[in-house]
Amino acid sequence: MSDTRIKQIRGRRVWDSRGRPTVEAEVELRNGLKARAIAPAGASTGTGEALDLRDGGPRFGGMDVSQACAAVNGLISDHLAGQDIGDQAQLDQRLVALDGTGNRSRLGSNAMVATSMALLQAAAAAAEQPLWRHLAGARQVRLPLPEIQIFGGGAHAARRVDVQDFMIMCPAARSFSEALEWTAEVYRAAGALLKKSGSLQGVADEGGYWPVFGSNEQALDTLMQAILDAGLRAGEQVGISLDIAASEFGRKGRYELALEGRTLDSDGMIDMLGGWLANYPILSIEDPLAEDDPEGFRCFTAAHGARCQVIGDDFLVTNAARVLAAAEQRSANAVLIKPNQAGTLTEALAALQAGKKSGFGTIVSARSGETEDVTIAHLSVGWDAGQLKVGSFSRSERMAKWNEVLRIEESLGAEARFWGWDALPIQRTANS
Ligand code: PGA
Ligand code: ZN
């Protein structure tokens, strides 16, 4: 029997999709096996998120991660050396205890999540299984419904438009691969429309087209036209999904919509979004209100939660206790799962399980700063999350994830099942 105890863990600085430093952790087992993973990084972060440890100072805009890498090489490696790789929950618990802070500021969430994911990669490799299968065991799992960005805005496009993500979902597709095929056509059609109107100006941080629009509604209209041009039926086959990321422009019940020069209160936001819901086939809205506006979330969910998925991202920050509280208060009906918001995979899984227990939609999500690491593609399948959000349909740090799910789908052959409509915690109406 080969020795699957941890020999050492190495931390190194690599670079993310925005050209910023990030942490890679590489776990080496005593049997010689090595596995690694890279921490992602957000730009529109919730205040309740675990903290990325950055050096500060003049180097790389203060974003360097030498302390976080040192934490992996030193404290973390010393503390986990000699432990068997088999029990992820116990290893993650050791990381949490070693950090000892509420917000992960000692080791850094970047050091912790890179280590946690590398540990899981090593455990799967030691078990000689694909990571998703290692997680799922004998359970049957379904391939996730992808949520794919077409236009990128908000903090990912210098706030060119207020809304952060204009996305589509293809719940009527018969398979994950068909959902990608439909998306490819919509993405292409959207690019052609922008080119025709002279407003094609490259892509934003997550690969969606740079949003040269005069209003948020104009972006929605263009998206509708792109779906039509792709030969698909909006509402019936393809739905719209928005990440408002309202914490970026809303505080204390005041929402400053820069593009339209308007300031709205919480009710005004709910009315505006209600108008969009009435006029467009929107299936999902993330962070419709700011993280400090739970009452707004509650009112929005009461008004629209039956027909629209209401996702908490900055609002719930991948935190199981917050998810349970939101279920109790009916202030959302879905939760975004970003492992680095929590710090470890075990905590992220707890948030996902709290969501499932509450009947919530659960969406495994990448960050706006990503890399070639595809661990989250496996998490979405192995945890049977239902949905996956990794940005747009361009830039290889995004495509790497979609392509990895395609490989998993192919490996399942005739047994492959797709979540489709079942992933969404909503009642379907006559035209959807
Ligand atoms: P972030 O954006 O990774 O910049 O936080 C993603 C999101 O808000 O969903
Ligand atoms: Zn978000």
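## Two packed helices

Helix 9 and helix 11 run roughly parallel to each other, because angles under 35 degrees count as roughly parallel. The model is predicted; local features need pLDDT of at least 70, side-chain atom pairs count only at pLDDT 80 or more, and totals for chains, interfaces and linings use all residues. Residues are numbered from 1 along each chain as its sequence is written, and ligands from 1 in the order in which they are written.

The angle between helix 9 (residues 320-329) and helix 11 (residues 345-357) is about 15 degrees, and their axes are 8 Å apart. Their crossing is right-handed. In helix 9, Ala320, Val323 and Leu324 meet Ala350, Ala351, Ala354 and Gly355 of helix 11, where contact means heavy atoms within 4.5 Å. Of the residues in this contact, 6 are nonpolar, 1 is polar and none is charged; Gly counts among the polar ones.

Asp243 in strand 6 (residues 239-243) and Glu286 in strand 10 (residues 282-286) are 43 residues apart, a pair that links distant parts of the chain. Asp243 and Glu286 are both buried, with buried meaning under 20% relative accessible area, exposed over 50% and partly exposed in between (1.4 Å probe, protein chains only).

## An exposed glycine

Gly102 sits in the loop between helix 2 (88-99) and helix 3 (109-126). Its relative accessibility is 76%, so Gly102 counts as exposed.

Definitions and conventions. Side-chain values use heavy atoms; hydrogens and water are left out. Axes are lines fitted to C-alpha atoms, for helices over the stretch in contact, and angles run from 0 to 180 degrees between N-to-C directions. Helices (H or I, at least four residues) and strands (E, at least two) are DSSP runs, numbered from the N terminus. Angles under 35 degrees count as roughly parallel, over 145 as roughly antiparallel, 65 to 115 as roughly perpendicular and the rest as oblique. A crossing is left-handed if the near helix is turned anticlockwise from the far one by less than a right angle, and right-handed if clockwise.
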